[in-house]
Amino acid sequence: MAKNTIELKIKRQDGPNVAARWEEFSIPYKPNTNIISALMEVRRHPYTVQGQKTTPPVWDANCLEEVCGACSMIINGKVRQACSALIDHLEQPIALEPMTKFPLVRDLVVDRRRMFDALKRMHAWIPIDGTYNLGPGPRVDPNMQAGAYSLARCMTCGCCLEVCPQVTPTSKFIGAAAISQVRLFNMHPTGKMHARERLEALMGEGGLQDCGNAQNCVHACPKEIPLTESIAAMGRETTAYVLKRLFGG
Amino acid sequence: MAARPKTIVVGGGLAGLMAVIKIAEAGIPVQIFSFVPVKRSHSVCAQGGINASVNTKGEGDSPQIHFYETVKGGDFLANQPLAKGMCEAAPGIVYLLDRMGVPFNRTPEGLLDFRGFGGTLYSRTAFAGATTGQQLLYALDEQVRKYEAEELVEKYEYWEFLSIVKDSEGACRGIAAQDLRTMEIRVFPADAVCLATGGNGVIYGKSTLSMVCTGSAASAVYQQGAIHANGEFIQVHPTAIPGEDKHRLMSESARAEGGRMWVPRDGKPWYFLEEKYPRYKNLVPRDIATREIYHVCRVLKLGVDGKDMVYLDLSHIPAETLNRKLGGILEIYEKFVGDDPRKVPMKVFPSIHYSMGGLWIDYEADGSGNIVAGSPRNHQTNIPGLFAAGEVDYEYHGANRLGANSLLSCFYGGMLAGPAMVSYAKGLERSCDAVPASVFEAERKRQEEACGRISALSGTENPFVLHQELGEVMTDNVAVVRYNDKLQAADNAILAFMDRWKCIDIHDASTWANQAVSFTRQLWNMLELARVITLGALRRDESRGSHYKPDFPERNDGAWLKTTLATWTPSGPEFRYAPVDISLLKPEARKY
């Protein structure tokens, strides 16, 4: 059946402390388009199906190629990137909502600062002596590179936190993304030298022990990062570290 | 001079973060302002890799050859000392990135792997799958986070740069910026400010660029007296997937790994680049490949299915190799188009991609053309205390950029700009703290009033519709093939848009996270810059690099081997021309 329109329902909320409302839009159908182009069309023609002129909806987006992580939102009940959500694959009316585990800013925009704070707490970096010319880095096994690359593609989009029952707007749990980043830095030849600091942080408040093993994260990750493997690996690493600390390794 | 200078970097892509790291490494505090969380900056979109002549494949490559190919690729419009400095620094830069943990692809022996790229016959490009920009940006983001944890770096994310604060002598003494949540406008004093705000492709509506790449910050300082150089040189990338919201890049690395371009002709594949360029084949520089595709589709009418479309074919390459070396872009094609490029040829068409032009910056070189490290002149604009690095500056690439040189120039630019800012700030007689508070207050008020005027716009025009129309005018008239009558018509259209801008209906009275106000402000800045691009192109009656006029098909060194300099006036850009530093390599015919 040929469609002539795209029907959208957008959950609107002017700010964190005001009530939300739903607005419905009907825009002309075009093949091979995504949620972002639909939102752009609404912005160019901001009238609800009732013919009411409304404010342009507010959303977060940047690269539109699913590498920046900005445009995560809940689309027909599922958290994902709006750029790679193709209209032709979605049931209409398409419902757009903001993520629920992060403080709401406005409409579809939330504040994911807690994810960047978690990376800070986990010492998620390779300590280097300086940016001057110190020659080549360590040799790296191509297999280890392939493993590291698959973890390094995490774009801090927040999907894994959104689906995690242990993450709530008030809980301190850092979530799968940050745990997996600890694994990434601990496997690097230089990062390994400072693995202890990260493991200590990972065993602290809101760390690994708050994981409830629901395994939702790995299914929600748009980059297919092996998050549950990372959690398991960090479980083993922290256990080994504790034993070593106890018995003096 | 205060013991600890204050510095500000605007923009958190590769160039901005590298400048931040250099400043923090010198023990000097730095505030960084970014429209988006820095980890989401446009650098993530760079795919293919970063150039460095490490010569690990026994091909006899060297930084000198890299330098020559960069200058030739840019059709001899680049100032040569900076390009030379960049190419010489490149191997050290790639090693440094490797030490920071970038998961570069490896050889079986565990060394850095390198691949070929456009405009060269050497394997010179280090890469991390096909998301090299993302991986490089993340490495710098992580280093900056370390300095943030040490409280040397203070981040202001979701803040929009509005303007610089100029003192009575015209020097830059800080910035005005707006919190995009509370919409509060504040001024921040600084001894040195660096803009690292990226390119301006969003002026063309749809491009390969991210949504933040409007050029608004560059335009704002241009309107405050900063010179804009070579604006007319806009790179159109030969291979992108056309889309409704944007065009998605299909990296040049696809061709470097053996991808072939063709269209059906007389029932058989016609490999039009391989036939015409037997040496470089599919890896001719981007401006050349793009013009060939235009010729095939628009003149010969041989586009796939009669449309503006050609094939980029990887289907003859083993899937395992493709997954390891190009996984990131295959995934983009699969997700956004729905076909598997391991099995069927991809359909692509050229798209606006990169601005070679940008803010004019200075440099200091010695008698042999070597850049003087730590000189405060490096990367400084004509406004004292204002620096620029990354795509927002006009250096390094001349009239056309070679693939995989952009990550390099961003990184190298940041590496020069950071120390230059420190030298400049330390050399100041009077720190920004000694500047009267009234100077800052005046700029804050000016910005608040400007913002108030935008919020009060209550005409009939929609800013997003105006932007779409601007994009169409620019793409149709100021892109690959340029004619003077069309350029003139485009400028007339931009002037009409400027009138219509004044009749915008903001229709959002909110004083909280108001994107309409912010976008409308940027739209005006895009219009100002669109004139710089269009009129610069209109005046330059020759063909050079990305700038091609069929009525003036040859490069004309006698008349046009010079840098375009645009200065803002209330009635539009005023143009002057400056000589290009060609002290190291003599211009020659550009043949591939």
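Visitor: Which side chain does Glu109(B) meet in a salt bridge?
Guide: That's Arg139(A), with 3.1 Å from N to O. A salt bridge here is a side-chain nitrogen of Lys or Arg within 4 Å of a carboxyl oxygen of Asp or Glu.

Visitor: What should I know about the model and the numbering?
Guide: This is a predicted model, where local features need pLDDT of at least 70 and side-chain atom pairs count only at pLDDT 80 or more, while totals for chains, interfaces and linings use all residues. Residues are numbered from 1 along each chain as its sequence is written, chains are lettered from A in the order in which they are written, and side-chain values use heavy atoms, with hydrogens and water left out.

Visitor: OK, back to A and B. How many salt bridges across that interface?
Guide: Ten between chain A and chain B. There are also 40 residue pairs in polar contact, both at pLDDT 80 or more. Polar contact means a pair of N or O atoms within 3.5 Å; within protein, one must be able to donate a hydrogen and the other to accept it, and residues adjacent in sequence count only if both atoms are side-chain atoms.

Visitor: What kinds of residues does chain A bring to it?
Guide: The side of chain A that touches chain B has 39 nonpolar, 19 polar and 17 charged residues. Ala, Val, Leu, Ile, Met, Phe, Trp, Tyr, Cys and Pro count as nonpolar, Asp, Glu, Lys and Arg as charged, and the others, Gly among them, as polar.

Visitor: And how much area do the two chains bury?
Guide: About 6100 Å², with 52% of it on carbon and sulfur atoms. That's the accessible area (1.4 Å probe) that two parts lose on being put together, summed over both.

Visitor: Switching topic: what domains is chain A divided into?
Guide: Domain 1 is 5-110 and domain 2 is 113-247, with bounds from an automatic or database domain assignment. Their C-alpha centres lie 31 Å apart.

Visitor: How much area is buried between those domains?
Guide: About 1100 Å², 57% of it from carbon and sulfur atoms. On the domain 1 side, Val79(A), Lys101(A) and Phe102(A) lose the most area to domain 2, together 53% of what that side buries.

Visitor: How many salt bridges there?
Guide: One between domain 1 and domain 2 of chain A. Separately, the side chains of Glu66(A) and Lys223(A) meet in a salt bridge, 3.1 Å from N to O.
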